Amino acid sequence: MKDTPLSNCERDFLLKAIEEKKRLDGRQTYDYRRIKITFGTDYGCCFVDLGKTRVMAQVSCELVAPKENRPNEGIMFFNIELSPMASPAFEQGRQSELSVKLNRQLERCLRNSKCIDTESLCVVSGKTVWQIRVDVHMLNNDGNLMDASSIAAITALCHFRRPDVGIQGEEVTVYSPEERDPIPLSIYHMPISVSFSFFQQGTYLLVDPCEREERVMDGLLMIAMNKHREICSIQSSGGIMLLKEQVMRCSKIASVKVSEITELISEALQNDKAARKAGGRCGFAESMPQERITALKTDETPVETTDATERANDIVQRAEAPPQTVPSPVVPVPGVGQVGQQNTWGLEEEEEEDEEQEETRMEEDQDEDEESGGGDVVEISDSEEEEVVVLHPETTGKAKNTGSSSHQQAAAASQKRQKK
Amino acid sequence: MTSSACDTASPRCSSMMEVCEASSVSLREFGCEQSLLSRPDGSSSFVQGDTSVMAGVYGPAEVKVSKEIYDRATLEVLVQPKVGLPSVRERSQEQCVRETCEASLLLSLHPRSALTLVLQVLHDDGSLLSCCLNAACMALMDAGLPMSCLFCGVTCAINTEGEIITDPTAAQEKESRALMTFAIDSTERRVMMSSTKGSFSVHELQQCIAVSQEASEKIFQFYRDSVKRRYSKTP
C-alpha cells in the first residue's frame with residue numbers, strides 16, 4: 001500500500017510556518033513531545049509513546065555458542081521491525097532503506113557504545129554465552145522513530161531480567177524464575193538518541209520532528225549521548241553541510257534533553273519496580289486508560305453451561321450415525337508398507353495378470369466347451385479359484401480378492417459363452 | 001459390527017455427562033480500546049486476562065496489480081509475533097483470521113481495492129487466536145468497514161479430566177488434552193471458523209461449540225456496551 005503523498009500546499013505551508021518559528025502542534029523549536037513509558041506484563045517489555053508515535057521493545061535471551069574471535073563475550077542482537085501497522089508505506093518482510101538505517105543506528109547507539117557489559121553474559125568461556133535479542137516493533141509512525149526506539153530499547157534492556165544459571169562441572173542448568181530470582185543485565189550507561197531536523201539548507205533547526213516535518217526536512221542529525229555528556233554516536237544524513245557551531249549547539253541541546261529523558265526512564269523503572277514489589281497487577285491491561293470513551297473493560301464473567309451438555313447431546317443424537325469404519329488397520333503381509341484393504345498399484349498388476357489368465361482361460365473354456373458342451377458354470381469357477389490360490393500363496397486376503405474377481409471373470413466367461 | 005460400535009459409544013457418552021456438571025466455566029476479564037493509533041484507519045487493542053493483541057486496519061486503498069481481484073477487495077492479514085520473525089504458526093493464525101474476516105466483511109462493495117489488517121501480539125498468555133479475532137473485529141468496526149455480521153473468538157480447552165475450560169491461560173493450555181478455537185457470528189451464533197488441536201470426541205466437540213456460543217453472548221454484549229459508550233453523550 002502506498003503512503004499518501006504530501007501536497008505542494010502542505011509543503012509550502014509547513015516551510016512557511018517553520019520560517020515563522022511555528023510548529024503544527026504548537027511546540028517550541030527545542031520542545032520534545034510528551035514521552036510516556038509503560039511496561040508489559042513480563043520482564044523486558046516496554047512501550048514508548050512519543051506524542052502519537054508508538055513503539056514497543058521486547059528483550060529476550062537464549063544460550064548460544066559465542067563468536068570465535070570473542071569467546072568470552074555475550075552477543076547482542078538488535079532487530080527493528082517496521083511493521084505495516086505503523087504506516088501503510090512499510091512493507092512486511094522487506095528490508096527497506098529506512099529499516100537498515102534505523103537498525104544500524106540503534107546498533108551503533110547501544111552495542112558499539114559498550115553500554116552493556118557483554119563479558120558478564122558469558123556462561124562457559126568459548127562454549128556458551130547469552131545472546132540478548134532486542135526486538136523493536138513500530139506500532140504507529142508519527143515521526144522520529146529513532147528516538148522512540150532508542151528510548152524503548154534501553155528501557156527494555158534496563159527492565160529485563162535473565163534467568164540465573166548454575167554450572168556444575170560441564171553441566172549448565174538454567175533456573176526458572178520460581179527457583180532463583182532472575183538477574184538484571186549490567187548496564188554501564190544509557191545512551192539516548194536525539195534527532196534534529198534541518199530546513200532551508202540548515203538555516204532552521206527543530207528538535208524531535210513529527211512525521212509531517214520529517215517529510216519536508218532537508219537533513220537530519222542524530223546524536224546519541226548519555227547523561228555524563230559523552231557522545232556515543234553521531235550521524236548526519238540527507239546530504240546537508242553543517243557548520244561546526246551548529247553541531248556544537250546541537251550537542252549542547254542533546255545533553256539537556258538526554259538528562260531529562262534519563263530522569264524520566266529511571267523514574268518509570270522505579271515506579272514499575274515498586275508496583276511489582278507490591279504484588280499488584282501490572283502490565284498492559286493495567287496501563288489501559290479507563291477514562292477514555294473508546295476504552296472499556298469488564299471483570300471476569302462466568303458463562304452458563306447448564307444446557308450445553310443437553311444441547312450437545314441433542315445435536316449428536318440428531319446427527320446421522322457416523323459411517324462404519326474399519327476397527328483396526330489391515331496389514332496384508334508383515335513387512336508391506338500398506339494400510340487398508342486394497343492397493344491400486346497391485347490392482348493394476350493383477351488386472352494385467354488377469355487378462356493373461358483370461359486369455360488362457362478362454363482357451364480352456366473353449367476346450368471345456370468342446371468337451372462338455374456347455375457345462376456348469378460353478379464348476380469352472382471353482383477350478384479357477386484353486387488356480388488363483390496357487391498363484392498367490394502368501395496371503396489369504398489377496399486370494400479372496402482375486403477369488404472374487406475370478407468369480408466375476410467366470411461370470412463374464414459364462415456371459416460370453418451364452419453369447420456364443 | 002454395528003453392535004460393537006454402539007457399545008464403544010455409549011459408555012463414553014455417559015462418562016461425559018458426569019464430568020461436565022462439575023466444570024466451572026468463565027471468561028477472564030477482558031477489555032478493549034479503539035482508535036488508539038493515529039495512522040491506521042481503524043485500530044484496537046484487545047486484552048483477555050494477560051493476553052493482549054493490537055490490531056490496525058488500512059483500507060480500502062489502492063491494490064497491487066498482482067493481488068487485484070476484479071469483483072471484491074483483497075484482504076491481507078498479517079500477524080506479528082512479539083519476538084523474532086513471523087513463522088508457520090503466525091501464517092496459520094493469519095489464515096484463520098483472514099477466512100473469518102472474509103466471511104463477515106462485505107468485500108464486494110469495494111472491488112479492486114486492498115484491505116490490510118495487521119495484528120501485533122503484545123503478550124501471549126493463552127487463547128491468543130481468539131484474542132486476535134476479537135481485536136480484528138473491533139478494529140474493523142473502528143475502521144467503519146461494512147460487515148454482514150460481527151464475529152468473536154472463543155477458545156475452549158479440555159483438560160485431562162475431561163473438563164471444559166473457556167478462555168484458558170497459557171498454563172492451562174499446556175496441560176490440556178485438546179484445544180479448540182471457534183469464531184462465532186453475531187446474527188445466528190453460527191461457527192464461522194474452527195481451529196482445533198489434540199484429540200476429542202464428537203460429543204466433546206459439540207459441547208465445546210455449545211459453550212462457545214454461550215460465551216459469545218457475553219463478548220457480543222461487551223461489543224455492544226463499548227460501542228454504546230463510545231457513541232453516547234455521557235460516558
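Me: Which residues lie nearest the centre of the second largest pocket?

Reply: A:L98, A:K101, A:N141, A:E214 and A:M217 do, among 26 lining residues. A pocket is an open set of points on a 1 Å grid over the protein atoms alone, where a 1.4 Å probe fits, with protein on both sides within 12 Å along at least five of seven lines. Lining residues have an atom within 4 Å of a point. This is a predicted model, where local features need pLDDT of at least 70, side-chain atom pairs count only at pLDDT 80 or more, and totals for chains, interfaces and linings use all residues. Residues are numbered from 1 along each chain as its sequence is written, chains are lettered from A and ligands numbered from 1 in the order in which they are written, and side-chain values use heavy atoms, leaving out hydrogens and water.

Me: What is a nonpolar core, and how many residues has the largest?

Reply: A core is a set of buried Ala, Val, Leu, Ile, Met, Phe, Trp, Tyr and Cys residues joined through side-chain atoms within 4.5 Å. Buried means under 20% relative accessible area, exposed over 50%, partly exposed in between (1.4 Å probe, protein chains only). The largest has 64 residues; A:I37, A:L110 and A:F196 are among those with the most contacts inside it. Helix 3 (residues 145-159) of chain A gives the most to this core, ten residues. A second, separate core of 58 residues includes B:L105 and B:F220.

Me: What is A:F196 in contact with, leaving aside neighbours within four places in sequence?

Reply: Contact means heavy atoms within 4.5 Å. Its partners include A:L205, A:L221, A:C250 and A:I253.

Me: Why does A:A17 count as buried?

Reply: Because its relative accessibility is 16%. A:A17 lies in helix 1 (residues 8-19) of chain A. Of the 420 residues of chain A, 44% count as buried.

Note on methods:
Helix = DSSP H or I, 4+ residues; strand = E, 2+ residues; numbered from the N terminus.
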